[in-house]
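The sequence and the model are shown first, and the description follows.

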Amino acid sequence: MLLQVLGTAAGGGVPQWNCACPGCSGARAHPHRRRRHASLAVRAAEGRWYIVNATPDIGDQIEECPALHPGPGARQTALAGLVLTDAELDHTLGIARLREAEGLEVLTTGVVREALLTRLHLGAVLGSYTSLTWRELPGERPEPLTPDAGTDIDCVPLCAKRPRYAAGTGPDHASWVVALRLTDRATGASAVYAPAVAAWPDTLQAAVNDADCVIIDGTFWDDEEPRRTGISDRTATGMGHLPVYGPGGTAERLAPLRARCFYTHLNNTNPLVDPGAPQHTLLAERGIGVAADGMVIEL
Ligand code: MLT
Ligand code: MN
Ligand code: ZN
């Protein structure tokens, strides 16, 4: 299985266009600190890739990843389709960016598809440009990404947190936000990708216990970060992101795992966006890393 990290930032990116916080200013001064929106490319078969979450950066993310470049035919794309972990704007705005596609397969849960169709009107708007084929993200039994794929996919429902634009709509069940599990059919090696984690059900614990690689929500370092930095009057948990560190933090859950673990979806207020921050040492002592844009993971 081959995974390519296309971006590692939460909504807004690093730097965010209207933000002069230390993280964003640091990234303007030191371009190697820039992070594109969190996204992952998964190779289904030779020259056939799925992109997990369609971010506002998706066009640039494709350009920066040679494996995703088109060719040899004039309009022959390496992109087989999209997989969505949720309906948040930072994970879905990029779908419109792909309207030049001949057609596009999109794997989502039912509630996410309905939000995109009935609240964002993606089907009605994009129908004049391309044809979207919706496929249910398998929850019970893993399925091959494509019939010839060496990689199976399934998901673990995490929570009923809706995007703000879909507040109060749709049924209240946990498939609004899911963790993806990708499993190599030949070796059994698996990766869990969960850029938004508001809750930690036993099913997620079971998936990470078995995994070889875990790439997970590192939006906020601690629960008070959003309030302390003035970006919100809610805690990290209240915003739908379990913090990395401190009581209820995910680092303590990741530390005992045998999997290689990486944080992604870093908000620009997170001290981890500064490569010199001491918080990196605290994670390294627990055997946990921070994903970098461009990172390649082979399992
Ligand atoms: C989130 O991760 O909580 C959302 O993407 C926030 C947003 O709407 O930008
Ligand atoms: Mn987000
Ligand atoms: Zn900022």
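## Core, sheet and metal sites

Leaving aside residues up to four places away in sequence, I95 touches A54, L82, L84, L116, L122, L126 and L132, where a contact means heavy atoms within 4.5 Å. This is a predicted model, in which local features need pLDDT of at least 70 and side-chain atom pairs count only at pLDDT 80 or more, while totals for chains, interfaces and linings use all residues. Residues are numbered from 1 along each chain as its sequence is written, chains are lettered from A and ligands numbered from 1 in the order in which they are written, and side-chain values use heavy atoms, with hydrogens and water left out.

I95 is among the residues with the most contacts inside the largest nonpolar core, which has 63 residues. Such a core is a set of buried Ala, Val, Leu, Ile, Met, Phe, Trp, Tyr and Cys residues joined through side-chain atoms within 4.5 Å; buried means under 20% relative accessible area, exposed over 50%, and partly exposed in between (1.4 Å probe, protein chains only). A second, separate core of 27 residues includes L40, A80, A149 and V178.

Seven strands make up an open sheet of mixed pairing, in the order 7-8-9-10-11-12-13. Strand 7 (143–144) and strand 13 (288–290) each have a single partner strand, so one side of each lacks a neighbour in the sheet. Strands (E, at least two residues) and helices (H or I, at least four) are DSSP runs, numbered from the N terminus, and two strands pair if DSSP finds at least two bridges between them. Strand 9 (residues 177–184) and strand 10 (residues 190–194) run antiparallel and are joined by four bridges; R181 has V192 in strand 10 as its bridge partner.

Two metal ions have the protein donors listed below. Donors are N, O and S atoms within 2.8 Å of the metal (3.2 Å for Na, K and Ca); water is not among the atoms, so sites may look incomplete.

| Ion | Protein donors | Distance |
|---|---|---|
| Manganese ion (ligand 2) | D90 (OD), H265 (NE2) | 2.2 to 2.3 Å |
| Zinc ion (ligand 3) | C19 (SG), C21 (SG), C24 (SG) | 2.2 to 2.3 Å |

Both D90 and H265 are buried, as are C21 and C24.

H241 is buried too, with a relative accessible area of 9%, and H265 is one of the residues that it touches.
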